[in-house]
Amino acid sequence: MKNIEKPLRIDIVSDVVCPWCVVGYRQLAEALKQTNTEYEIHWHPFELNPNMPSEGQNFREHIAEKYGSTKQESDASRARMTEAGSEVGFEFNFSDDMRMHNTFNLHQLLHWAHQQGRMHELKQALFTAHFTNGRNISDHSVLADIASETGLDRSEALAVLEDQCFAKEVRAAEQHWQQQGIQSVPAVIFNERHLVSGAQGVENFTSILQQLADMPD
């Protein structure tokens, strides 16, 4: 890949409870590595379930209500996700007591982490906490623990959650991307011009990166 004067800007609109968001990011990361692309990633909020109650809902019940999926269909979907995750080094541990969560508070925490220069680390830690370790990410104390584990101040993290410090900022960011036509995630925007939706796979992401590199400035 040819050298470019400035790194490739990559905006990713996603939610922490979206399994294809973490798979898609891992696929993209591998493609970036394989193509030796200079890049900078900017994460943005999206809520899969903005009307979800704060205590969350059983994951299988949620999928059945939202998509009308049978247990067999749900099991097949979980198997596909688990295999896709394994291919990019991410471990999904689905269980019958796994829960879907309201993520508005998580996005506020991520907004705060961005100010500390640790948004990316926290985003990855939250993916792992939810999908791999089954931690209760509806619990403020658990979220503060996860923030602390990524090098952030636990008491400050707790205050952000309790005081809803960045509610307006997160709502504004969500509305911005909705106004841009983003209705599903992951949504990956390259150089603020080229939108790619979904987990495309390492091969497709590699092809996309190569096409972008060959475009005239």
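This is a predicted model: local features need pLDDT of at least 70, side-chain atom pairs count only at pLDDT 80 or more; totals for chains, interfaces and linings use all residues.
View 1. The secondary structure comes to 9 helices and 6 strands. The radius of gyration is 17 Å, close to the 17 Å of the globule rule for 217 residues, so the chain is as compact as a globular protein of that length. Along the principal axes, the C-alpha atoms fill a box of roughly 50 × 45 × 35 Å. Buried residues make up 47% of the 217.

**View 2. Surface and charge of the protein chain.** The chain carries 18 positive and 31 negative charges. Their mean positions are 2 Å apart.

**View 3. Arg60 and Asp75, a salt bridge between two helices.** The closest N and O atoms of Arg60 and Asp75 are 3.0 Å apart. Arg60 lies in helix α2 and Asp75 in helix α3, so the pair ties together parts that are 15 residues apart in sequence. Arg60 is buried, at 16% relative accessible area. Asp75 is partly exposed, at 30%. Beyond its neighbours within four places in sequence, Arg60 is in contact with Lys71, Ser74, Asp75, Arg78 and Asp96. Met100 is 40 residues from Arg60 in sequence, yet their C-alpha atoms are 8.6 Å apart.

**View 4. Arg78, a buried charge with no salt bridge.** Arg78 is found in helix α3, residues 71–87. Its nearest side chain of opposite charge, Asp96, is 4.3 Å away. A salt bridge needs a nitrogen–oxygen pair within 4 Å. Leaving aside neighbours within four places in sequence, Arg78 is in contact with Phe59, Arg60, Phe94, Ser95 and Asp96.

**View 5. Arg154 and Asp145, a salt bridge between partly exposed residues.** The closest N and O atoms of Arg154 and Asp145 are 2.6 Å apart. Arg154 has a relative accessible area of 30% and is partly exposed. Asp145 is partly exposed too, at 29%.

View 6. The closest N and O atoms of Arg171 and Glu174 are 3.1 Å apart. Both residues lie in helix α8 (residues 167–179), 3 residues apart, about one turn of the helix. Arg171 is partly exposed, at 36% relative accessible area. Glu174 counts as buried, at 7%. Elsewhere, salt bridges that share partners join Arg60, Lys71, Asp75 and Asp96 into one network. The count for the model comes to 8 salt bridges.

Note on methods: Residues are numbered from 1 along each chain as its sequence is written. Side-chain values use heavy atoms; hydrogens and water are left out. Helices (H or I, at least four residues) and strands (E, at least two) are DSSP runs, numbered from the N terminus. The radius of gyration is taken over C-alpha atoms; the globule rule is 2.2 Å times the number of residues to the power 0.38. Buried means under 20% relative accessible area, exposed over 50%, partly exposed in between (1.4 Å probe, protein chains only). Lys and Arg count as positive and Asp and Glu as negative; His and the chain ends are not counted. The place of a charge is taken as NZ of Lys, CZ of Arg, CG of Asp or CD of Glu. Contact means heavy atoms within 4.5 Å.
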